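Thanks for coming. I will go through one structure this morning, part by part. Please have the sequence and the model open while I talk.

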Amino acid sequence: MATVYFDEATRRFSKDDTPAVDRITLDIADGEFLVLVGPSGCGKSTTLRMLAGLEPIDGGRILVDGHDQKGVRPRDRDIAMVFQSYALYPNMTAAQNMAFALDNAKVSKSETKQRVAEAAKILELEQLLDRKPGQMSGGQRQRVAMGRAIVRNPKVFCMDEPLSNLDAKLRVSTRSQIAGLQRRLGITTVYVTHDQVEAMTMGHRVAVLRDGKLQQVDTPERLYDRPVNTFVASFIGSPAITLVESGVREGVASVHGLDVPLDRGLASRAGERVVVGLRPESWHVAESATDGSALPLTVELVESLGAESFVYGRPTGAPDAERVTVRLDKRTHLTVGDTVHVQPNRDELHLFDAASGERIEA
Ligand code: ATP
């Protein structure tokens, strides 16, 4: 077990390029499950590979348990990687694949056997130890890849999209298995994914990256409730938050022409441009549609998920305005082309500066 500290860690693939990883500072606690998330190309894998020693560092430092990893070879780092591709040896059995790193590290035969048996038990692989990868399903291969990391009893697990080759159902069950396993083993884990649902359900904390820069690192709840900017607000949450640019006047902002009162602390921002953010659950159907206090939406799409449905629409008569997403309960029956009058829940408004995208606190 170990702490991990990225101290302005930077990776630049060529001198002229902007850095792929740009002065990332992250303090990861012993036993923590930290998820790195962000869109394709934002630098997640490179950050992870720098920690594992598979990618050089061009600036800053990475410390494991307080020790600078500069010059420490990957195999001497005591960090186990689990990749998306599993990278199992096809001609070896599951047991041999798991034992391989220990054989190389000159661990005794009896200890290797014991560690493989323990890992197989934890991962429910006992019946499959004699099978080769070609004779196993994707999920089983993925568990062998996990087993290979576990037997090493490393200081840190580095996992790079380990679930992306699994089908949707298996992903859901395997993600809770990995999270549960990590809790039991208590091994510091850095986990890369582009899937925000995976990030939110697995991580103790989630670090959101964009263009090589760390945007926010926080618990899943805080990321959702208090995103620091419009990028984080729209990346986290599904369906995505509705963001509407607006002017501020006399303590109100306007969402598609509908006045929304702002906290008193924001009154001084009169004349400024802001972005109002409202999550799908931050709306309700208006009781009275006639007094001008509700926004009429023309429904463009309804997604019924059983317990709830998501309605996507645009302000009636404004087909070019930003689309608004509203969560409604299953008793509200709407179809495409209907008009529904909705009101925002006042206390659930997110406000951002229109120029910088930064969150505005009252
Ligand atoms: P994905 O989710 O698509 O895997 P990522 O967030 O993991 O993306 P990285 O693989 O870390 O992103 O890549 C970050 C940036 O660095 C990208 O712009 C990528 O093109 C660039 N990059 C990665 N590896 C190299 C390399 N070996 N040489 C040059 N550029 C690279």
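Predicted model: local features only at pLDDT ≥ 70, side-chain atom pairs only at ≥ 80, totals over all residues.

Residues are numbered from 1 along each chain as its sequence is written, and side-chain values use heavy atoms, with hydrogens and water left out.

Thr46 sits in helix H1, residues 44-52. Helices and strands here are DSSP runs numbered from the N terminus, with helices being H or I of at least four residues and strands being E of at least two. Is Thr46 buried or exposed? Thr46 is buried, at a relative accessible area of 12%. Buried means under 20% relative accessible area, exposed means over 50%, and partly exposed is in between, with a 1.4 Å probe and protein chains only.

Of the nine residues of H1, seven are buried, so the helix is largely enclosed by the rest of the structure. Those buried residues are Lys44, Thr46, Thr47, Leu48, Met50, Leu51 and Ala52. After H1 comes Gly53, with a positive phi near 85°.

**The whole chain**

Now the overall numbers. The protein has eight helices and 20 strands. Its C-alpha atoms fill a box of roughly 80 × 45 × 35 Å along the principal axes. Of the 362 residues in the protein, 48% are buried. Among contacts with a separation of 6 or more, 66% come from residues 24 or more positions apart.

**The nonpolar core**

Next, the core. A nonpolar core is a set of buried Ala, Val, Leu, Ile, Met, Phe, Trp, Tyr and Cys residues joined through side-chain atoms within 4.5 Å. Which residues of the largest nonpolar core touch the most other members? They are Met98 and Val208, out of 44 residues. Helix H4, residues 138-150, gives this core its largest share, five residues.

Met98, again leaving aside neighbours within four places in sequence, has contacts that include Val116, Ala119, Ala120, Leu125 and Leu129. Val144, Gly147, Arg148 and Val151 are also among the contacts of Met98.

**Aromatic rings**

How many aromatic pairs does the structure hold? It holds three. Rings of Phe, Tyr and Trp (its six-membered ring) pair if their centres lie within 6.5 Å; planes under 30 degrees apart count as stacked, over 60 as edge-to-face and the rest as tilted. I will show two of the pairs.

One is Tyr89 with Phe100: the ring centres are 4.8 Å apart and the planes are at 55°, so this pair is tilted. Tyr89 is in the loop between strand S6 (79-83) and helix H2 (94-104), and Phe100 is in H2 itself, so the pair ties together parts that are eleven residues apart in sequence. Tyr89 is partly exposed, at 34% relative accessible area, and Phe100 is partly exposed too, at 27%.

Another is Phe231 with Phe235, where the centres are 5.9 Å apart and the planes at 15°, so the pair is stacked. Both residues are in helix H8 (residues 230-235), four residues apart, which puts about one helical turn between them. As background, an α-helix has 3.6 residues a turn, so residues three or four places apart point the same way. Phe231 and Phe235 are buried.

There is also a charge over a ring: Arg279 lies over the face of Tyr224, 3.9 Å from the ring centre. The rule is NZ of Lys or CZ of Arg within 6 Å of the ring centre and within 35 degrees of the ring normal.

**Strands**

Last, the strands, where two count as paired if DSSP finds at least two bridges between them.

S16 (residues 295-304) and S19 (residues 339-344) pair antiparallel over four bridges, and Leu297 has Val340 in S19 as its bridge partner. S15 and S19, also antiparallel, are joined by three bridges, with His284 opposite Gln343 in S19.

Finally, S9 (residues 205-210) and S10 (residues 213-218) run antiparallel and are joined by five bridges. Ala207 stands opposite Val217 in S10. This hairpin has two residues between the strands, and Asp211 takes a positive phi near 50°.

Methods:
Contact = heavy atoms within 4.5 Å.
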